[in-house]
Amino acid sequence: MTVHERELTTHQPVKPQLKNSKPFYRSKIFWIPLSIVLALLLFIYCGVSIYAANAFTQVSDRPKVFATTPADYNLAYQEVSFSSAASDKLTLRGWWIPRANSRQALILVHGKAESRTAMLNESRALWESGYNLLYFDLRGHGTSDGNHYYFGQYESWDTIGAFNFVKSKGFASEEIGLLGHSMGAATSLLALGHSSEIKVVFSDSSFADFGEVASARMPVEKGLPVFFMPGIFTAGRLFFNFDVDQLRPEVVLKSLSDRHIFLAHGEIDSVIPASHLYRLQRAGGANIVGTWIAPGADHTKAYDLYPKEYLQRVESFFATYLAR
């Protein structure tokens, strides 16, 4: 290498080095705003979830006085109250419709956002068939105590409270049956898991797994995207003692024996698909003694479309499996 070449090599220009240079995505200018946005989104998600969990489990416009009573069906009745069998011992209120010289009783369990009046249109026919009847309001409904409902988690214990009330009237457990609609049907099936004394249940339009139904219905009923459901269920557990994992009648039915259950469902049920009946049937095994898919019926509308056939199925079922 010549002297001139060495000088050229020695005096090559040095590229300037940027001190502490980082990619933009690793800079504070990027992360601070992003963290604020993420925190805000999380706050909104949690707030909406808590609000929805509270609103999702409350009945608005609960009646103080009922416009319809058993008297409108020419039935004598008594105003009654009793305690739930749940640990909170909430006071529940209802109507007792006695049937002279009868040793059989039915407990009518209504659906979500309804009251004891919801199933009154069946009362006269059931009474004439020889049944004492108990209509009552589940917690958070009608005039019963409580500000929230739980889709069967605690209502199942309310139903046991109703069952104990009828027993206090002098009826044996094998003389008492449950007839439930929608949430009341699921509630009745869940009650089977709490008490071996309850033997006979007519279930009309029950869900097999509430979490699945809620995830499908939330966008329809509340207008919230389904991705809010995990937050709503978590908020329910943390703030309202609402545990969706306890709302799986198909799990309860798998553990039962020596029960008599009839499952009815509307063929085109738009709230709880008829496929839930088949799931309950598989879970219940030999305990399921009858099923009926009512052609063309939407949710709990089998009675409206086929009143005579509906009542015949109900009366035949209870006549067969209740003790006399």
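Helices (H or I, at least four residues) and strands (E, at least two) are DSSP runs, numbered from the N terminus. The model is predicted: local features need pLDDT of at least 70, side-chain atom pairs count only at pLDDT 80 or more, and totals for chains, interfaces and linings use all residues. Residues are numbered from 1 along each chain as its sequence is written, and side-chain values use heavy atoms, with hydrogens and water left out.

**View 1. Glutamate 122 in the loop between β3 (105-109) and α3 (123-128).** Leaving aside neighbours within four places in sequence, glutamate 122 is in contact with Tyr135, Leu179, His181, Tyr303, Tyr310 and Leu311, contact being heavy atoms within 4.5 Å.

**View 2. The largest nonpolar core, of 59 residues.** Such a core is a set of buried Ala, Val, Leu, Ile, Met, Phe, Trp, Tyr and Cys residues joined through side-chain atoms within 4.5 Å. Ile107, Leu134, Val166, Phe210 and Leu253 touch the most other members. Helix α5 (residues 183-192) supplies the largest share, six residues. A second, separate core of 29 residues includes Ile97, Leu108, Trp127 and Phe317.

**View 3. Helix α7 (residues 229-240) and its end.** Buried residues in α7 are Met229, Gly231, Ile232, Phe233, Ala235, Gly236 and Phe240. Asparagine 241 follows α7 and has a positive phi, near 55°.

How values were computed: Buried means under 20% relative accessible area, exposed over 50%, partly exposed in between (1.4 Å probe, protein chains only).
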